[in-house]
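Trainee: I'd like to learn how to read a structure like this one. Could you walk me through some features?

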Amino acid sequence: MGAPLLLALGLLAQSLSLSSAGPRLQPGVLYPWRRASAPGRVRRAWVIPPISVSENHKRLPYALVQIKSDKQQPGSVIYSIQGPGVDEEPRGLFSIDKFTGKVFLNAMLDRETTDRFRLRAFALDLGGSTLEDPTDLEIVVVDQNDNRPAFLQEVFLGRVLEGAAPGTFVARAEATDADDPETDNAALRFSILQQGGAELFSIHEHTGEIRTVQVGLDREVVAVYNLTLQVADMSGEGLTATASAIISLDDVNDNAPEFTREEFFMEAPEAVGGVDVGRLQVEDSDLPGSPNWMARFTILEGDPDGQFAVRTDPKTNEGVLSLAKPLDFESRVRHELTVSVQNEAPLQAAAPRAQRGQARVSVWVQDANEAPVFPENPLRTSLAEGAPPGTLVTTFSAHDPDTQQPQRVSYSKDYDPEDWLQVEGATGRVRTQRVLSPASPFLKGGWYRAIILAVDDASPPSTATGTLSIEILEVNDHAPALATLLTSSLCSEPDQGPGLLLGATDEDLPPHGAPFHFHLSPGLPELGRNWSLSQINASHARLRPRRPVPEGAHGLRLLLRDSGLPPQQREQLLNVTACRCGPDGACLPGAAALRAGAAGLSLGALAAVLASAALTLSLVLLAALRARVQRRSQNKGLLPGPPDDLRDNVLNYDEQGGGEEDQDAYDINQLRHPSERSTLSLPLGPPLHRDAPCSHMRLQPPQALPHSPADMANFISDGLEAADSDPSVPPYDTALIYDYEGGGSMAGTLSSILSSEGDEDQDYNYLRDWGPRFAKLADMYGHP
C-alpha cells in the first residue's frame, strides 16, 4: 500500500533502501511503494524529497527522476503521472516513460510564472489494475537571475526649501525585481549616478531615500536640480536600471525689496483727487508673484493730512503714487515724501538688509483754474410767508481760490421752479420777484429749494453750484373757526346730559393754531349768566347751561382765539337747541319738531315730505278702489262691503297715528260714506279726532271729491293746512313715531281689501295711464 510523502528540495542523489536485507536501488531510481515490515514495529513509508530543476534549462528533454514499483517484475508494470504541466495547464512540460518510470522535462521553466509543480504518480499492472496507491511527486523550479530590477516611476519629484539644513528629506525612490526575493537575484542597491554639479544630495542604498548633504541650496542661483538614479540587483553587482529625480527648491524670503533709485520726482495737478501721480520702481530676487516678492509701500513722512496714497501694481510690483485728496497750489507748491518698501511676508532673520529700503519723493503742484467756492453750501435761510416782491432773501456769494490769478465772479439761477427769485449777477443778492403761493407743489415741508451758479471769467471759465434752501415761516394770518357739529341739541337742565362738544380748526400751521381758547362773547354779559364753556383739550370745549333755559332754539355768540403771535380771534354765532331730556340725558320724543327746526328743517319742509309720502300711498289705495268699483254695480255705494268691513283696519298713513288698534282717534265712517260727508258740508281736511272740541273747529267750504292725482294732492295739502291751523286738537298732526302699530291685525293682505277672490281678479292696466312709475307697478301686479 502507498503512504503520504514528505516534500523536500533538491534531486535525489542516491538510492534509498527499506532495510539492510533489501536490494539496493540505482541512482535516480525511486521505489515509492516499497514498505518496511519488522516484527513488533509500525510500518513507515518512504520519504520522497522534492525534485529540483533550474529555470531556463535548455537541454531538453531532460530526465528528472525514475520511479519503480516492486510488486511486479520490470516490464510488467505500467507507470503514469497526472497534474499541472502534464494533463493540466500548462500542458506538456512533463512526461513519463510508462514502462521504465522515467520522468522527463520537455520545456524550459519560468520560476516567475510557476515556482513549483505537484504531480501524482500511478503504478498499474498490464491488465490495468492498480498495483499501488497513488503517490505525490513535487518538482521545485530553482531561480536564476534572469530579471532586471525596475523603478516604480521613470521620474521622481521632490521639493525642499532653499537653505535647508543637511539631512533634510527630499524624496524616496522605489524599485522592484521579479526574481526570488530570498536570493541575491533580488537584493537591490540604489545610487546616484549624476546630479549636475556639487554633490548636494545623497540616496540611501537600501531604502532609496534622497536627502540633502550640505548647505548652500539657493533658489535664486539654481531653482531645480536633475538627478540620475540607478538600482542594481545581486547587492549592486548584478543587473541595473536607471530613473530621474527632479528636485525643486521652494522660495523663502531671503531677499529684501529695494528701490531702484534713492529719489523720485513727480508732478501733480491742483484741485483734483483720485488721480495717479507716478510710479516707484523696486527690485526683489525672490519668486515673482509670491508674498516673498510682493512689495508693500508706506509713506513715513511729508503727508500729515493724508493727501497721498501708494498702492502696489500686482504685475510689475511697482508702487503707484496717487492723490487721495485734492492739492492746493496756493497753499503749498511742493510736497516732500519719504516712502519705505517691505514684502508682504516677513524677511528671514539671516537675510541681509536692503540698502535702498527707503526713497524720497518730490511732488510739484501744478497751478490750475479752480472753480469759485461758496463758503456755506447748501445755504439755509428763512422768509415769512406772503413776502412781497423785492424782499431781500439773502446774499449767496462765492470767492475765487486762485489768489495768483485775480478773476471776477458772476451769479445766475440754475433752478428756480416757481420763478420766484431773482439774483443780482455781480453781488449774488437774492430777492423775491413775486409772492409765493402757499399751495405751490415745489414747497416741500415748508422749504423751497433753488440752485445758484457762480462762474469766473477765466479761460476756460469754472463754475460752482450752490444750493439755496429757504424756509417759509408760517404767519398767523387766519383766525380759528368752529368745526362742523354732529349734533346741536343739549338738555335744557344744567344737570342733565353731556352738554354740547365744540371743536375748532385753523388753517395756520403750528405754532399758530392750537391750543384754542373758547369764550362767550364779552359783549353779551347775559350769555355768561345762562351758559358755561369748559376747556377739554387743546382743540375742544364743552357748552352747558348754567341754569334751566327755555326749550327751543338759542343763538350764542362765541369768541375763539388761537395761540399764534400775535393771536388771531373770531366771534362766531352758534345755533343750539335746548330740549327736554329724560333720565338718560337724551331729548324726549316730544321735542322732535324743536330739534328738527333748530337743525335747519322748517315745518313747511317737513309737511312737504309727509305730503309726498301720503300722496304715494293714497294713489295706490285709490287705484285699487277704482278697479273694484268698476267691476261692481253702479247703483251700489262707493265702498260697499260685507258687514265685516275690513276698512276698519286700513290706516291713514298721512297722519301716522297710533296704529291699527287706535280706533278712537279717527272716525272710519268718513271713509265708508264719503258722500254723506259731502252732504254735511264738512271740510275735506284730515279726519277729525273724536276728542277734539267742535267749538274750536273752523268750518271749511264744501269741496268736491278728488277724482284725479292732481285733485288728490290738493286734497291732502288742504287737509294738512287745516290740521296745522287747529290748536285745539292733540298733537296727532305732527311727525309721529313709526315703530308701534298695534299688537295684531285682523286685516289680510292688501288684495283682501279689493277682493276676496285673490289678485287674479284685479285689473291694473289702467295704472299705465298715470305715468312710468305706475306703469311699472302695473307690470309687477298685472296679468302677463
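Mentor: Let's go from the whole chain down to single residues. Keep in mind that this is a predicted model.

Trainee: What pLDDT does the protein chain average?

Mentor: The average is 77, and 72% of the residues score at least 70. Over residues 633–666 the pLDDT stays under 50, and the model has 59 contacts beyond four places in sequence for them. Residues 670–700 are also below 50, with 51 contacts in the model beyond near neighbours in sequence.

Trainee: How should I treat stretches like that?

Mentor: Where pLDDT is low, the predicted coordinates should not be read in detail.

Trainee: Which residues is Asn292 in contact with, leaving aside its neighbours within four places in sequence?

Mentor: Asn292 is in contact with Asp251, Val252, Asn253, Asn255, Asp284, Asp286, Asn343 and Ala345. With Asp251 there is also a polar contact, side chain to side chain, at 3.1 Å.

Trainee: Now the surface. Which residues make the nonpolar patch of about 310 Å²?

Mentor: That patch is made by Phe265, Val333 and Trp364. Look at Phe265, which lies in strand β19 (residues 263–269). Phe265 is exposed because its relative accessible area is 56%, and exposed means over 50%.

Trainee: What about the backbone? What should I expect there?

Mentor: Most residues other than glycine have a negative phi, and most peptide bonds are trans. That gives you a background for spotting exceptions.

Trainee: Which value does phi take at Asn56?

Mentor: Phi of Asn56 is near 65°, a positive value in a residue other than glycine. Asn56 is found in the loop between β2 and β3, and counts as partly exposed at 24% relative accessibility. Then there's Ala271, not a glycine, with a positive phi of about 60°. Its place is in the loop between β19 and β20 (276–280). At 39% relative accessibility, Ala271 counts as partly exposed.

Trainee: And the peptide bonds: is the one from Leu60 to Pro61 cis or trans?

Mentor: The bond from Leu60 to Pro61 is cis, with omega near -10°. Pro61 sits in the loop between β2 (51–54) and β3 (62–67), and Asn56 belongs to the loop between β2 and β3 as well.

Trainee: Where does Pro566 lie?

Mentor: Pro566 lies in the loop between β40 (552–561) and β41 (569–579). The peptide bond from Leu565 to Pro566 is cis, with omega near -10°.

Methods:
Residues are numbered from 1 along each chain as its sequence is written. This is a predicted model: local features need pLDDT of at least 70, side-chain atom pairs count only at pLDDT 80 or more; totals for chains, interfaces and linings use all residues. Side-chain values use heavy atoms; hydrogens and water are left out. A polar contact is a pair of N or O atoms within 3.5 Å; within protein, one must be able to donate a hydrogen and the other to accept it, and residues adjacent in sequence count only if both atoms are side-chain atoms. Contact means heavy atoms within 4.5 Å. pLDDT is the predictor's confidence in each residue, from 0 to 100. Patches are made of residues with over 30% relative accessible area and no salt bridge: like charges are joined within 9 Å, nonpolar side chains (Val, Leu, Ile, Met, Phe, Trp, Tyr) within 5 Å. Accessible areas come from the Shrake-Rupley method with a 1.4 Å probe; for residues, only the protein chains shown count as cover. A salt bridge is a side-chain nitrogen of Lys or Arg within 4 Å of a carboxyl oxygen of Asp or Glu. Helices (H or I, at least four residues) and strands (E, at least two) are DSSP runs, numbered from the N terminus. Buried means under 20% relative accessible area, exposed over 50%, partly exposed in between (1.4 Å probe, protein chains only).
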